[in-house]
Amino acid sequence: MTAEPLALYVHWPFCVSKCPYCDFNSHVRSDIDQDEWREALLADLAHEARLLPDRTLTSIFFGGGTPSLMEPTTVGGIIDSARRHWRAADDIEITLEANPNSVEADRFADLASAGVNRLSLGLQSFEDKNLAFLGRAHSAAEGQRALDLAQGHFERVSFDLIYALPGETQADWSATLDRALSRGTSHLSLYQLTIEPGTRFASMVAKSEFEPLDSDEAAELYEVTASRTQTADIPSYEVSNYARAGHESRHNLTYWRYGDYAGIGPGAHGRRLGQRTARHRKPENFLSGLKRNGHGIVEEEPLEPSEAADEALVMGLRLSEGIEPERLSLRFGRPVVDHRAVERLIESGHLEQHGARLRATPAGRLVLDRVLAEIAAT
């Protein structure tokens, strides 16, 4: 019998500065004790491993924050420990998110030696003026150098870009896509700028310091993105992610396909054994909880079948492959979709059915939140 697969998420909460669009759990600290944090993460990992014996580890993802600020010895120690706790799949994917700053890029060779085989690079833009608007600490030239270095050191490289910036036109974004698609990477994450509550951008918009791009114009840029990437043979496999066949992020597919994943580190979320888990967000509180309890968990709650079914629906329809409603209904013991609503949206061209599989059409993806709200079983 094959051991049930498992993904591991490791959250490194520290950043050099806070980007104005970011609502992730990130903290600026002037002094970080790498030894203390390595031991803390290893202890948190050991707690999850005790609860999840006899699993096959299919992926490890170092997210943040800025994981490329971690010492390579810390990264390597976590990878080695995870391999000791679980059987690693032969093709295990080990991803680390990195910023293109020169100091961090100079660590790429050591990170590859530590076991990282996939790098996700936060370029965000090729233009200095856009990087300044986004509050990024690197220049366009540093971004290009970092991408060159990454492609020389890692088996697989992805990079992020943010579009639908204020005043951005189709011509602007098409030129950016030309550059992105010419770089030869097999995976791109292309995110529309969203103004998240509680961020500095939200405050700036409230004060009329800038005006976000009109939603119709943003939708047009999304359609351009879908068309151009499809033509380049790097089609969308998720709302904001594009990859050549076989180069999708296996780790993120675990999330979207509603598989089990353990989450360790400050603010990390996990889903395992029918439970949701959350760690203390503030680094100092995480360390205090770890000393008291042997783990950093602040929340550990069973997932009700109705809640789990809704989550699986929401995440699964983000994927181009869609979902199998009947399989999910059997898994959660309840209907996942309202079939009459599904039929209406198939007729309207927002959903399509292929055998047992249901997926959103391009028109449906543009209004996915509305589609999900309409078809979710009550």
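R359 is partly exposed, with a relative accessible area of 28%, where partly exposed covers the range between buried, under 20%, and exposed, over 50%, for a 1.4 Å probe and protein chains only. Its partner is E352, and the closest N and O atoms of this salt bridge are 2.7 Å apart, a salt bridge being a side-chain nitrogen of Lys or Arg within 4 Å of a carboxyl oxygen of Asp or Glu. E352 is also partly exposed, at 26% relative accessibility.

Before I go on, this is a predicted model, in which local features need pLDDT of at least 70 and side-chain atom pairs count only at pLDDT 80 or more, while totals for chains, interfaces and linings use all residues. Residues are numbered from 1 along each chain as its sequence is written, and side-chain values use heavy atoms, with hydrogens and water left out.

The structure holds 21 salt bridges, and among them is the one between E300 and R272, at 2.9 Å from N to O. Because E300 sits in strand β14 (residues 297-302) and R272 in strand β12 (residues 269-272), this pair ties together parts that are 28 residues apart in sequence; strands here are DSSP runs of E with at least two residues, helices are runs of H or I with at least four, and both are numbered from the N terminus. R272 is buried, at 1% relative accessibility, whereas E300 is partly exposed at 34%.

These two residues also belong to a network of salt bridges that links D44, E48, R272, R279 and E300. Turning to helix α1, which spans residues 34-51, we find D44 and E48 among its buried residues.

Terms used. The expected span of a helix is 1.5 Å times one less than its number of residues.
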